[in-house]
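User: Can you walk me through this model? I'd like the terms spelled out as we go.

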Amino acid sequence: MKISTLFYTIRQGVANIFRNKWYSLASIATISACLFLFGLFYAIVANFQNIIMNAEKVVSVTVFFHTEAGLGDRCESHVEGQIPTATRIEEIGQQIANRVEVSEVIFHSAEKDWETFGPENYGEDYDLMFPENPLEGMDNFEIHLEDVSMQSALVGWLESFPEVRKVNYDDTTANTLSGVNLLIAYVSLGIIVILLAVSVFLISNTVAIGISVRSEEINIMKYIGATDFFVRAPFVLEGMLIGLIGAAVPLGIIYSVYNYVLNYVTDNFAGLSSFLNFLSVEQIFRFLTPVSLLVGVGIGFLGSISTVRKHLQV
């Protein structure tokens, strides 16, 4: 592209916005409204998902092993199992830690747990009250998951070990959290598609009006040999500029609103904010800023290029 053509395209693209200023303002306002709702919705969903992720960290799977001390009521299936050595338990723990489903593995020793649990609940004389460790044979791994939806696969794998006596897990909580995550994903996708469709439609109308207003000028340009690109470029640039402006405006508003609300909640509801663990402004806008700008420009490009192809027979 020649420098003169580039400057012409920029001048005409900007001029088109002012020629149809009311329609341009309507398009900018609509895109801003759509992206404002998108940004607001994203901030709410991102915080909600963060709360769900923190809740998922509380959900854990506990693995108990066959032991000599567990031959009573706690180990009905001992005959079918194998009593692992300390080395074997350590090996199993390493295998568990290497699983993609697992985020953290914590080993609980019955002896160390009793040394903590005993004094806290029975005082310093706990060893006199209980000459033998009541937790004997209850060594276990506490496993936290990357994603609770993978719990079933992990539990099935753990139960395949002959050394494993019992696997404790909460299916109801895991299924509920997985369902909530899936619902959020579907709702988010539906709302985003609707907002984008409305924005593209409005930009298409704005560009179509600009084409009709300049129809005679465009025909003259075509008759004297103007290329397709030369005729189309200003209208495409116009749509992209409208999309860019329409994306920048709501970003500034959302930043101010979110920052204010976050500070207000933190200052006045300290207990709530620590429990819910809201995302910071930087965490939200690290994703929201580039996505909103790209979406705005993308909407402007798609809306304008489709309209230009439809209305200009060049």
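Analyst: Helices (H or I, at least four residues) and strands (E, at least two) are DSSP runs, numbered from the N terminus. This is a predicted model: local features need pLDDT of at least 70, side-chain atom pairs count only at pLDDT 80 or more, and totals for chains, interfaces and linings use all residues. Residues are numbered from 1 along each chain as its sequence is written, and side-chain values use heavy atoms, with hydrogens and water left out.

User: How many helices and strands does the protein chain have?

Analyst: The protein chain has eleven helices and four strands.

User: How many salt bridges are there?

Analyst: Three salt bridges are counted, where a salt bridge is a side-chain nitrogen of Lys or Arg within 4 Å of a carboxyl oxygen of Asp or Glu.

User: What does glutamate 91 pair with?

Analyst: Its partner is arginine 88, with the closest N and O atoms 3.4 Å apart. Both residues lie in helix 3 (residues 86–97), three residues apart, about one turn of the helix.

User: Is glutamate 163 buried or exposed?

Analyst: Buried, at a relative accessible area of 6%. The cut-offs are under 20% for buried, over 50% for exposed and partly exposed in between (1.4 Å probe, protein chains only). Arginine 88 is partly exposed at 23%, and glutamate 91 is partly exposed at 40%.

User: Which residues make the remaining bridge?

Analyst: Glutamate 101 and arginine 99, at 2.7 Å from N to O. Glutamate 101 is buried, with a relative accessible area of 5%, and arginine 99 is partly exposed at 24%. Salt bridges with shared partners join Arg88, Glu91 and Glu163 into one network.

User: Switching to strands. What pairs with strand 3?

Analyst: Strand 1 (residues 60–65) runs antiparallel to strand 3, joined by five bridges. Strand 2 (residues 102–108) pairs with strand 3 in the antiparallel sense over six bridges. Two strands pair if DSSP finds at least two bridges between them. Valine 61 stands opposite isoleucine 143 in strand 3, and histidine 108 has asparagine 140 of strand 3 as its bridge partner.

User: How many residues of strand 3 are buried?

Analyst: Five of the six residues in strand 3 (residues 140–145) are buried.

User: Which residues of helix 6 are buried?

Analyst: Gln151, Leu154, Val155, Trp157 and Leu158. Seen down the helix axis, the buried residues of helix 6 fall within an arc of 160 degrees, so they line one face. That arc is taken from the directions from the helix axis to the C-beta atoms.

User: What about the chain overall, how much is buried?

Analyst: Buried residues are 37% of the 314 in the protein chain. Among contacts (heavy atoms within 4.5 Å) between residues at least 6 apart in sequence, 82% join residues at least 24 apart.

User: Where does tyrosine 260 lie?

Analyst: In helix 9 (residues 228–268). Tyrosine 260 is exposed, with a relative accessible area of 59%.
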